[in-house]
Amino acid sequence: MFKNLHLLRIAPGWTADAAQAEERLARESFTPCGATQPESAGWVPPRGQPHAPLVEVIQGQWLLALMTEKKMLPGSVVKERSAEIAARLEQERGYKPGRREAKEIKEQATQELLPLAFTKRSRIQVWIDPRAGLLAIDAGAAAQADAVVSLLVKALDGFNLLPLQTQQSPAGCMAAWLAEGEAPGAFYLDRECELKSADEMRSVVRYARHALDTDEVKQHIAAGKRPTRLALSWNERVAFTLTEALTLKKIEILDTALEGRDGVAEDEAFDADAAIATGELRRLIPELLEALGGEQPAGQVAAAPAAA
C-alpha cells in the first residue's frame, strides 16, 4: 500500500473528527484541469471507487488520497510556437519584438497550446494515525509531500504539523551501524546503501545486492564517508530504505506479515492491505525513532553519534 513515507508529527490541539474532515476535504475534491489550466490537485476516494468516502477509517487509522493532474507541454513546442508568433509580428511591423514582448509572446504561446497538451495524473496516498499523532505521506519527492501538507493544513481546522526530529541524526546512526556491522534491536542491515564524502569532491559509493558488514564498507566509514541511505529490514516483517532525511523508501511488507492475506475476498482486499500495512508500520516507526536516540522537541539539532 505504501512505497515511500515522509513522516511528520501532528501538533497538539487537533481534534480528530472523520465526519468533519470528510466534509472539509469534499470542498477541495479533485476536478480535472480546465482547457488553459496547467495543473490541478484535489482529494479522491482512497479506495479508488466512485462516491466512496474521502476519509477511510480502518482500525482507527485514516487513509486519504490526493490526485494531481498536470499538462505536459514540452519547452521545445512552446519555443517553436513563440518563434512563429514573433516572426509574424516582425513581418507585420518591420522590427523584432523586444525582451519584454518576447515574454508576453511565450505566455500567449503557452495559453494557445495548453488545450492541446496531454495530461499526466499522479496519486499520493496519505496516512494519518490520530492516536499516535503522526502523518505519513507516500510521495517520491519532498515537493509532493509539501503540497499535501499545504492542502491538509488549509482544509482541516487546527491541523498543524511539526518536523519529526530525533536525538541523533539518521546519517550519524547509519554510519555507526555500518561501522559496527549491525543495526540495533529488531533491525538488520540489508544489502544496499549509498555513501557520500563530505569534502569538495562529493564522491559517492553505492552498494547494491552486496553484504554491508565488510571491511571495505567500514573503511569507507572510517575515511569520513557518511550514509545518505541504507536498506534495512525490521523483525523479518518489513523491508525499507532509510534516508538521511528520515524518509522511508522502497517499503515492502514481507511474507511473514502477509500470512493469511491470500484468503481475503476481493471486496475486502483494500481493508486487509490497509490494516496490515498500518499495523506493521505503527510498530516499526516508534522502534526506528528509538534506534535513532528517541524523538526530540522540534527546533533542536540532532547530534551525530561517533562511528566506531
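In this predicted model, strand β3 (residues 56–58) runs antiparallel to β4 and is joined to it by three bridges, and within this pairing Ile-58 has Gln-61 of β4 as its bridge partner. The hairpin formed by β3 and β4 has two residues between the strands, and in it Gln-59 takes a positive phi near 50°.

Strand β4 (residues 61–72) also pairs with other strands. With strand β2 (residues 39–44) the pairing is antiparallel and extends over six bridges, Trp-43 standing opposite Leu-66 in β4. With strand β5 (residues 118–129) the pairing is again in the antiparallel sense, over eleven bridges, and here Met-67 has Arg-123 in β5 as its bridge partner. Because nine of its twelve residues are buried, β4 is largely enclosed by the rest of the structure.

Four aromatic pairs are found in a search of the whole structure. The rings of Phe-2 and Trp-127 are stacked, since their centres lie 5.8 Å apart and their planes meet at 20°; this pair links distant parts of the chain, with Phe-2 in the segment before β1 (6–10) and Trp-127 in strand β5, 125 residues apart. Phe-2 counts as buried at 4% relative accessibility, and Trp-127 is likewise buried, with a relative accessible area of 1%. The rings of Trp-14 and Trp-62, by contrast, have centres 5.4 Å apart and planes at 80°, so this pair is edge-to-face. Because Trp-14 lies in the loop between β1 and α1 (18–26) and Trp-62 in strand β4, the pair ties together parts that are 48 residues apart in sequence.

Notes:
Residues numbered from 1 in each chain as written. Predicted model: local features only at pLDDT ≥ 70, side-chain atom pairs only at ≥ 80, totals over all residues. Heavy atoms only, no water. Buried < 20%, exposed > 50% of the residue type's maximum accessible area, 1.4 Å probe, protein only. Helix = DSSP H or I, 4+ residues; strand = E, 2+ residues; numbered from the N terminus. Pairing = 2+ DSSP bridges. Phe/Tyr/Trp six-rings, centres within 6.5 Å; stacked < 30°, edge-to-face > 60°.
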